[in-house]
Amino acid sequence: MEYITYQSIMRIAETDPNLRKTFQGVVHQMACSGGGAAIGGLVGGPFGAVIGALAGTAVGYFTVKDYNSLIVVLQNMSDADRGRLVVEVQRLIGSSMQDVLLAFVKSEANRKQLIDVFQKFC
């Protein structure tokens, strides 16, 4: 059994295809949906906001880009921030063991929580 380290977190973040997919969907669609809702709300009021959010979600879905920017930010963190990231991840999953982290990221809901932790450091 291995303990969670910054390197193990980065290895999972860089290579786990499900985490990559979850990140792409969450961040990009959230931005597109929010932007669409704002524009729609300005143009058509509450009903326009709903239509704008739906349109923004569709645009987000079809224009998802690579998520390497998050990885680059995490790679360029200071040693102190790396230590805080490890502690936050351990707190989230309730363990300091790597196998628990690997099991944790198998659930989409858990991957979203992990991405939220990553985004705190961006």
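**Confidence**

- The protein chain has a mean pLDDT of 83, and 86% of its residues reach 70 or more.
- Within the protein chain, confidence is highest in H4, at a mean of 92, and lowest in H3, at 72.
- Where pLDDT is low, the predicted coordinates should not be read in detail.

**Overall make-up**

- Read from the N terminus on, the elements of the protein chain follow the order α-α-α-α-α-α.
- Of the 122 residues in the protein chain, 37% are buried, while the accessible surface comes to about 7000 Å², with 61% of that surface belonging to carbon and sulfur atoms.
- When contacts between residues at least 6 apart in sequence are considered, 73% of them join residues that are at least 24 apart.

**The nonpolar core**

- The largest nonpolar core holds 23 residues, and those with the most contacts inside it are Ile9, Leu74, Leu85, Val89, Leu101, Leu114 and Phe118.
- Two or more residues of this core come from each of helix H1 (6-15), helix H3 (68-75), helix H4 (79-93), helix H5 (98-104) and helix H6 (108-120).
- Helix H1 gives the most to this core, contributing five residues.
- Leucine 74, when residues up to four places away in sequence are not counted, touches Tyr6, Met10, Arg82, Leu85, Phe118 and Phe121.

- Serine 8 belongs to helix H1, and serine 8 counts as buried because its relative accessibility is 0%, where buried means under 20%.
- The side chain of serine 8 reaches the backbone oxygen of threonine 5 at 2.8 Å.
- Apart from its neighbours within four places in sequence, serine 8 is in contact with Tyr3 and Gln98.

**Salt bridges**

- The count of salt bridges comes to four, and among them is the one between the side chains of arginine 84 and aspartate 81, with a distance of 2.3 Å from N to O.
- Arginine 84 and aspartate 81 are three residues apart in helix H4, and therefore they are separated by about one helical turn.
- Both partners count as partly exposed, since arginine 84 has a relative accessibility of 44% and aspartate 81 has one of 24%.
- Arginine 91 and glutamate 88 also form a salt bridge, in which the closest N and O atoms are 2.9 Å apart, and these two residues of helix H4 lie three residues apart, about one turn of the helix.
- In this pair, arginine 91 counts as exposed because its relative accessibility is 58%, whereas glutamate 88, at 22%, counts as partly exposed.
- A network of salt bridges links Glu88, Arg91 and Lys120.
- Glutamate 108 and lysine 112 are four residues apart in helix H6, so about one helical turn separates them, and glutamate 108, with a relative accessible area of 45%, is partly exposed.

Definitions and conventions. Residues numbered from 1 in each chain as written. Predicted model: local features only at pLDDT ≥ 70, side-chain atom pairs only at ≥ 80, totals over all residues. Heavy atoms only, no water. Core = buried A, V, L, I, M, F, W, Y, C linked by side-chain atoms within 4.5 Å. Buried < 20%, exposed > 50% of the residue type's maximum accessible area, 1.4 Å probe, protein only. Contact = heavy atoms within 4.5 Å. Polar contact = N/O pair within 3.5 Å; in protein donor to acceptor, adjacent residues only side chain to side chain. pLDDT = per-residue confidence, 0-100. Areas by Shrake-Rupley, 256 points an atom, 1.4 Å probe, with all protein chains shown as cover.
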